[in-house]
Amino acid sequence: MNEAALTLEGWYALHDFRSINWTAWKAADDEERAGALEELHNFLQEWHGDEQSGKGSTAVYSIVGQKADFVFMHLRETLEELNALENAFNKTTFAQYTTKAYSYVSIVELSNYMASGDGDPKANPEVMARLQPILPKSKYICFYPMNKKRDLDDNWYMLSMEERRGMMRSHGMIGRGYAGKVKQIITGSVGLDDWEWGVTLFSDDALQFKKLVYEMRFDEVSARFGEFGSFYVGNLLNEQLFEDMLKL
Ligand code: VOV
């Protein structure tokens with residue numbers, strides 16, 4: 001059997017994609033809409049509070065295109081907390097005007113392909129900051145799930161650790177070229193959701209998503225082994241922008 005990469009796990013992640021039922025939203029009266037906005041406002045405040053107190057992090061983005069209208073990306077310590085967040089939201093009046101578009105459950109993951117091997121990684125504040133990241137409030141988000149191929153000819157899981165490490169090093173070198181332009185959060189989802197990883201990218205220049213993902217397509221680990229799900233791209237929302245989006 002080949003050696004599995006060792007992984008470190010951090011906060012659990014829930015990407016909760018919703019669409020707005022515009023017909024119902026427009027049919028609601030002013031008072032009902034104001035109440036719904038108030039509840040939404042309270043949730044955004046509460047999630048901000050969770051972030052301030054180190055309990056997790058939440059990012060809110062609108063989604064461009066027809067796959068969804070917005071996403072809540074939540075990071076929390078436990079699956080119970082994520083479940084409580086989505087249930088609490090589902091009980092709001094505002095949620096009645098939304099439909100569930102897609103969701104993804106995973107956990108922030110670092111592997112040992114590039115690790116130094118010195119000491120307890122969880123004692124390293126830099127490692128902990130990557131395992132329990134405060135989500136950047138960059139202008140744009142890009143999310144997609146992916147697998148590493150398991151075909152007879154190209155099976156990532158049948159490669160030796162050395163072969164995989166070599167390819168991950170090359171992958172990391174390309175990624176490094178985007179330092180300061182794109183921040184990636186890789187979440188593992190083997191056993192948690194339908195794909196093996198969630199890739200969430202943040203940037204202040206959406207074009208950098210295209211540049212990075214395209215460049216990686218030529219790199220062996222993506223070219224030979226990458227299989228990709230649907231891409232979701234969106235614009236940062238804060239309370240005001242969310243309200244503006246919902247204004248009739
Ligand atoms: C901003 C760019 C960027 C950078 C710097 C970067 C670096 C790194 C490093 C150093 C490592 C390995 C160690 C670790 O940290 O785990 C990884 C790991 C990983 N990556 Fe990556 N990646 C980036 C970006 C980046 C992108 C755009 C993608 C999607 C690929 C594509 O073709 O669309 C991706 C995927 C992954 C995955 C699925 C993993 C886990 C693979 C596994 O088998 O375990 N990644 N990644």
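**Entry 1. Contact of H2 with H3**

I looked up which residues of H2 meet H3 in this predicted model. From H2, Leu 40, Phe 43 and Trp 47 take part, and they meet Leu 85, Ala 88 and Phe 89 of H3. I then sorted this contact by class: 6 residues are nonpolar, and there are no polar and no charged residues.

**Entry 2. Geometry of the pair**

I next turned to the axes, since two packed helices are described by the angle between their axes and the distance between the axes. The axis of H2 and that of H3, the helix of residues 79–90, come within 11 Å. I noted a crossing at roughly 165°. H2 is therefore roughly antiparallel to H3, as angles over 145 degrees are counted that way. For the handedness, I recorded that H2 passes H3 in a right-handed crossing.

**Entry 3. Second largest pocket**

I then examined the second largest pocket, which holds about 280 Å³ of space. I found 13 residues in its lining, and the closest to the pocket centre are Leu 44, His 48, Thr 58, Lys 137 and Leu 237.

Which elements supply at least two residues each of this lining? I listed helix H2 (30–52) and strand S2 (56–63). The largest share comes from H2, with 5 residues.

By class, I recorded 6 nonpolar, 4 polar and 3 charged residues in the lining of the second largest pocket. The contact of H2 with H3, by comparison, has no polar and no charged residues.

**Entry 4. Summary on H2**

I note that H2 meets H3 through Leu 40, Phe 43 and Trp 47, and that H2 also supplies 5 residues to the lining of the second largest pocket.

Definitions and conventions
Residues numbered from 1 in each chain as written. Predicted model: local features only at pLDDT ≥ 70, side-chain atom pairs only at ≥ 80, totals over all residues. Heavy atoms only, no water. 1 Å grid on protein atoms, 1.4 Å probe; cavity = no way out; pocket = protein on both sides within 12 Å on 5 of 7 lines; lining within 4 Å. Points joined across faces, edges and corners; volume = space filled by probe spheres on them. Helix = DSSP H or I, 4+ residues; strand = E, 2+ residues; numbered from the N terminus. Nonpolar A, V, L, I, M, F, W, Y, C, P; charged D, E, K, R; others polar. Axes fitted to C-alpha atoms, helices over the stretch in contact; angles between N-to-C directions. Parallel < 35°, antiparallel > 145°, perpendicular 65-115°, else oblique. Left-handed = near helix turned anticlockwise from the far one by under 90°. Contact = heavy atoms within 4.5 Å.
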